[in-house]
Structures are given as C-alpha cells and as structure tokens.
Amino acid sequence: MFKSILVPIDLADTDLAKGAIATAATLSKTWSGNVRLLNVLPMTPVMLAEYVPADFDAQQRETSEEALQIVARESGIEASRISSVVRQGGIYHEILEEAAAIKADLIVMTSHRPAMRTYFLGSNAGHVVRYAKCSVLVVRH
C-alpha cells in the first residue's frame with residue numbers, strides 16, 4: 001500500500017522528526033516500501049547575499065546532506081530502502097514537489113501542537129495536508 005514514503009525533516013530539530021522516522025520505518029517494513037528523507041533549505045535572502053561567502057549555499061547543502069546521511073544510518077531502516085535529498089526553496093512547496101517527483105504514496109511528517117498563531121497563519125504541515133496529492137500522516141510531538 002505504501003511503497004514510497006516521504007519524510008520531511010527539519011535538521012535544526014531532529015528530535016522532533018524521530019516520531020515520523022519511526023512511523024515511516026514501521027510502515028516501510030510492513031509494506032516493503034522505500035523511505036525518502038527530505039530537508040528543505042531556505043533561499044538566502046538577496047539582502048544578505050553580500051554578507052555571506054560566495055559558496056554559502058553549497059556549504060549549507062553539503063552540511064545538510066551529511067546530516068541526512070547520519071539520520072538515515074540511525075533510522076533502523078535498511079540501507080537499500082532509504083535515501084535522502086536536499087532541496088532549496090519554500091518548505092511546503094518543496095515537500096509537495098519532492099512527493100510528486102518520487103510518486104510518494106504517503107508523506108509522514110511531524111508537527112508541534114497547534115498554537116493560536118497557526119490557526120490564522122497556517123503551518124507547513126497544514127499546507128502539505130491541504131495540497132498533497134497523496135495521503136499525509138501527521139505525527140504530533
């Protein structure tokens with residue numbers, strides 16, 4: 001049923017992602033599916049571009065790729081069933097784009113308990129739930 005599972009991860013808070021990774025690991029084992037870990041880097045604001053090194057984006061990408069590989073190794077998912085990717089852009093937009101690119105059957109992501117501000121502004125998890133073309137499982141932290 002779930003052959004392709006996407007798990008977006010915020011590398012600034014990997015503890016938050018543990019529930020989603022554990023859920024994806026269980027589902028991938030049950031359904032013999034593959035898991036794709038995703039980290040989305042924000043675009044460097046133009047007004048900051050002159051204050052950061054020329055290779056700042058490349059450095060950020062390399063650091064994120066290394067961190068995702070560590071998360072993948074520690075996930076308990078066999079190496080042949082897990083992969084990772086780093087994208088750059090808007091968080092929910094890139095999650096939806098990656099889900100479409102890998103033809104994901106399921107997106108498993110974590111979310112904090114909603115605060116009053118998210119009821120009015122929305123959250124990345126909320127946007128993904130509303131606009132994803134596949135099932136979305138939100139694991140509450």
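A residue is called buried when its relative accessible area is under 20%, exposed when that area is over 50%, and partly exposed in between. His141 has a relative accessibility of 52% and therefore counts as exposed. This residue is found in the segment after β5 (135-140). The C-alpha atoms of His141 and Leu16 are separated by 6.5 Å, although the two residues are 125 residues apart along the chain.

**Confidence**

The structure is a predicted model. Its mean pLDDT is 89, and 92% of the residues reach 70 or more. Confidence is highest in β1, at 98, and lowest in helix α4 (residues 116-121), where the mean is 47.

**Strands and their pairing**

The pairings described here all run in the parallel sense, as the table sets out.

| Strand pair | Bridges | Sense |
|---|---|---|
| β1 (residues 4-8) and β2 | 5 bridges | parallel |
| β2 and β3 (residues 82-88) | 7 bridges | parallel |
| β1 and β4 | 2 bridges | parallel |
| β4 and β5 | 6 bridges | parallel |

Individual residues mark these pairings. Ser4 stands opposite Asn34 in β2. From β1 the chain passes through helix α1 (residues 14-31) to reach β2, a β-α-β crossover that is right-handed. On the β4 side, Ile5 has Leu106 as its bridge partner, and Ser111 stands opposite Arg140 in β5.

Two of these strands are mostly covered. In β2 (residues 34-41), 6 of the 8 residues are buried, and in β4 the count is 6 of 6. In a regular strand, side chains alternate between the two faces of the sheet. In β4, Leu106, Val108 and Thr110 point one way, while Ile107, Met109 and Ser111 point the other way, and all are buried.

In soluble globular proteins, nonpolar side chains tend to be buried together. The largest nonpolar core here has 22 residues, of which Ile5, Val7, Ile9, Val35, Leu37 and Val108 touch the most other members. At least two residues of this core come from each of β1, α1, β2, α2 (56-74), β3 and β4 (106-111). Helix α1 supplies the largest share, 6 residues.

Which residues does Val108 contact, leaving aside its neighbours within four places in sequence? Val108 is in contact with Ile5, Leu6, Val7, Pro8, Ala20, Thr23, Leu27, Leu137 and Val139. There is also a second, separate core of 13 residues, which includes Leu38, Ile102, Ala104 and Cys134.

**An aromatic pair**

A pair of aromatic rings is described by the distance of the centres and the angle of the planes. A search of the whole structure finds 1 aromatic pair. Phe2 and Trp31 form this edge-to-face pair, with 6.3 Å from centre to centre and 85° between the planes. Phe2 lies in the segment before β1 and Trp31 in helix α1, so the pair ties together parts that are 29 residues apart in sequence. Are the two residues buried or exposed? Phe2 is buried, with a relative accessible area of 14%, whereas Trp31 is partly exposed at 32%.

**Residues in the loops**

Most residues other than glycine have a negative phi. Ser32 is not a glycine, yet it has a positive phi of about 55°. Ser32 lies in the loop between α1 and β2, and its 40% relative accessibility makes it partly exposed. Lys103, which is not a glycine either, also has a positive phi of about 55°. Its place is in the loop between α3 (91-101) and β4, and Lys103 counts as exposed at 67% relative accessibility.

Arg81 is found in the loop between α2 and β3. With 24% relative accessibility, Arg81 counts as partly exposed. Not counting residues up to four places away in sequence, Arg81 touches Ser32, Gly33, Asn34 and Val35. The C-alpha atoms of Arg81 and Val7 are separated by 13 Å, and the two residues are 74 residues apart along the chain.

Notes. Residues numbered from 1 in each chain as written. Predicted model: local features only at pLDDT ≥ 70, side-chain atom pairs only at ≥ 80, totals over all residues. Heavy atoms only, no water. Buried < 20%, exposed > 50% of the residue type's maximum accessible area, 1.4 Å probe, protein only. Helix = DSSP H or I, 4+ residues; strand = E, 2+ residues; numbered from the N terminus. Pairing = 2+ DSSP bridges. Right-handed = clockwise from strand over helix to strand, strands pointing away. Core = buried A, V, L, I, M, F, W, Y, C linked by side-chain atoms within 4.5 Å. Contact = heavy atoms within 4.5 Å. pLDDT = per-residue confidence, 0-100. Phe/Tyr/Trp six-rings, centres within 6.5 Å; stacked < 30°, edge-to-face > 60°.
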